[in-house]
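Visitor: I'd like to learn how to read a fold like this one. Could you take me through it feature by feature?

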Amino acid sequence: MSDRLEQIKEAVITRKRAEIHGLVETAVNEGIEPGSIIDSGLIAAMDVVGRQFSDNEIFVPEMLVSALTMKMGLDVVKPLLLKSGENRSRGTVIMATVKGDIHDIGKNIVIMMLEGAGFQVVDLGVDLTVEKLVDQVDAVRPDLVGLSALLTTTMPEMRRAVQVLHGRGSGKTVKVMVGGAPVTPSFAREIGADGYGADAAEAVALARRLTSPGEGQAAC
Amino acid sequence: MLIVGERINSSRRRVAQAIEIRDAAFIQNEATIQAEAGAHHIDVNAGAFAGDESDCLRWLVETVQKSTELPLSIDSPDPEVIKEGIPLVDKPPMINSVTLEPNRLRGILPLVATHQARLIGLCQSEDKMAETVDDKVRLAGQLVEIVTRAGIPLNDLYIDPLVYPLATHPRAATASVEAIERIMREFKGVHTICGLTNISYGLPERKLINRTFLVAAMTRGLDAVILDPTDASLFAALKAGMAVAGRDDYCMDYIAAFRAGRLA
């Protein structure tokens with residue numbers, strides 16, 4: 001059984017898109033728990049891929065194809081999870097690029113990695129006004145909001161979004177993580193964000209930390 | 001082929017440092033080497049200086065103009081910064097850039113007319129960044145209409161089809177070159193322009209992809225480009241591309257570049 005999971009993990013890491021469907025199906029037929037397939041196979045693989053990307057061992061398209069492979073595997077097991085009524089979501093994350101900025105490549109990579117790590121992600125797209133963001137936060141009630149900016153000119157908008165999201169009195173305030181090329185840890189601290197991720201792998205680690213039970217304070 | 005030299009951009013760390021300490025000699029050298037390498041406009045960008053961008057850009061304009069006869073390219077996503085920089089130019093500049101978004105266009109078109117400027121228009125509207133060929137051509141058509149209505153000759157409009165990275169959009173290059181061909185055919189007299197660095201984002205040996213894309217785009221009609229003219233292999237690809245595209249009669253320019261030692 002662990003051999004099979006190892007094969008699945010390896011298939012995602014080495015981007016074997018043609019093989020993943022059959023491998024996961026075989027695992028299911030062999031009676032391996034869908035939860036183990038996801039945790040020890042698919043998610044474990046994306047942890048490795050994320051690290052490889054952070055260490056500049058692989059290039060952007062290689063990471064994307066690994067994420068696609070992971071998703072294909074996930075598609076096989078997801079219906080089984082729904083049938084068993086098991087809720088395996090690690091939490092819900094709203095992701096967006098702030099107003100004035102239309103760059104979404106980095107944000108989309110983070111979304112793929114978050115989904116690979118078991119989060120449910122609501123993608124609000126690019127150029128998002130603070131007002132729309134607040135509406136969606138009220139509607140979706142996410143565990144976490146992730147904001148991206150690629151232009152220095154939109155960083156003030158990021159500050160405003162964090163201020164508004166944190167400044168509202170009603171109920172528990174939502175945690176906010178920020179990232180994007182011009183954003184630095186010190187800028188994130190200064191604007192009061194709950195965390196900063198330098199790349200997709202860091203963003204996932206941060207999201208895990210910020211949504212884990214007992215996580216209280218800022219993790220910048 | 002119109003060449004906009006891209007080196008004076010504050011996203012380059014050395015340039016940002018030079019702007020910060022107002023190192024005029026460094027900036028002027030950047031302008032001179034690009035002029036000598038064949039640039040037609042010198043792009044100036046201070047976008048890394050949020051809050052201070054306008055001051056920095058105006059310093060760049062004044063500094064660069066002291067060292068070159070070439071016209072500038074005023075580069076900012078912020079129309080206010082462009083508006084404050086334009087009055088300082090002493091030759092008709094390029095404006096880099098506007099989109100179809102009303103807040104990016106506001107107040108810019110009259111400036112284009114008064115300064116006989118050339119204008120870069122991106123295929124991007126408030127709710128759309130053009131990704132497919134059809135979207136690119138449709139938004140190009142809207143740019144053409146707006147510019148024409150403002151009394152600006154089509155000959156002064158340079159349409160940027162928006163180039164996506166191949167790493168995330170496998171058809172990014174083909175979509176752009178197809179759009180370039182259609183834009184040049186459907187809106188006679190207009191120009192097309194693009195930068196070359198987006199296409200190779202996330203890939204190894206980026207410069208190889210950049211120059212391969214340049215040649216592909218040139219064969220479909222691209223007639224202006226934002227690049228570093230001091231990059232020897234890119235410049236060689238540009239010269240070869242002109243010949244391959246049938247825009248260098250009897251390869252005279254190509255041969256001249258060879259004699260000048262610029263194809264090696």
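Visitor: How are helix 8 of chain B and helix 9 of chain B oriented to each other, roughly parallel or roughly perpendicular?

Guide: Start with the labels: helices (H or I, at least four residues) and strands (E, at least two) are DSSP runs, numbered from the N terminus. An axis is a line fitted to C-alpha atoms, for helices over the stretch in contact, and angles run from 0 to 180 degrees between N-to-C directions. Under 35 degrees counts as roughly parallel, over 145 as roughly antiparallel, 65 to 115 as roughly perpendicular, and the rest as oblique. Here helix 8 (residues 172-186) of chain B packs on helix 9 of chain B at about 30 degrees, with the axes 8 Å apart. The two are therefore roughly parallel to each other.

This is a predicted model: local features need pLDDT of at least 70, side-chain atom pairs count only at pLDDT 80 or more, and totals for chains, interfaces and linings use all residues. Residues are numbered from 1 along each chain as its sequence is written, while chains are lettered from A and ligands numbered from 1 in the order in which they are written.

Visitor: Which residues of helix 8 of chain B and helix 9 of chain B meet?

Guide: Two residues are in contact if their C-beta atoms, placed from the backbone, lie within 7 Å. On helix 8 of chain B look for A173(B), S176(B), V177(B) and I180(B); they meet F213(B), A216(B) and A217(B) of helix 9 of chain B. For classes, Ala, Val, Leu, Ile, Met, Phe, Trp, Tyr, Cys and Pro count as nonpolar, Asp, Glu, Lys and Arg as charged, and the others, Gly among them, as polar. This contact has six nonpolar, one polar and no charged residues.

Visitor: And at what angle does helix 9 of chain B pack with helix 10 of chain B?

Guide: Helix 9 (residues 206-219) and helix 10 (residues 232-244), both of chain B, pack at about 20 degrees, their axes 9 Å apart. That makes helix 9 of chain B roughly parallel to helix 10 of chain B. Their contact includes L214(B) and M218(B) from helix 9, and L234(B) and L238(B) from helix 10. By class, it has nine nonpolar, four polar and two charged residues.

Visitor: At roughly what angle do helix 2 and helix 3 of chain B cross?

Guide: Roughly 65 degrees, and the axes of helix 2 of chain B and helix 3 (residues 53-65) of chain B come within 9 Å. A24(B), I27(B), Q28(B) and A31(B) of helix 2 touch L60(B), T63(B) and V64(B) of helix 3. Five of these residues are nonpolar, two polar and none charged.

Visitor: What do the strands of chain B close into?

Guide: Strands pair if DSSP finds at least two bridges between them. In chain B, eight strands close into a barrel in the order 1-2-3-4-5-8-9-10, with parallel pairing. The twist averages 25 degrees from one strand to the next. Take strand 1 (residues 2-5) and strand 2 (residues 41-45) of chain B: two bridges join them. V4(B) has H41(B) of strand 2 as its bridge partner.

Visitor: How is chain B divided into domains?

Guide: Domain bounds come from an automatic or database domain assignment, giving domain 1 (1-76) and domain 2 (92-230) of chain B. Their C-alpha centres lie 21 Å apart, and 19 residues of domain 1 are in contact with 13 of domain 2.

Visitor: How many residues of chain A and chain B are in contact?

Guide: 10 residues of chain A touch 13 of chain B. The largest share of the chain A side, three residues, comes from helix 4 (residues 60-84) of chain A.
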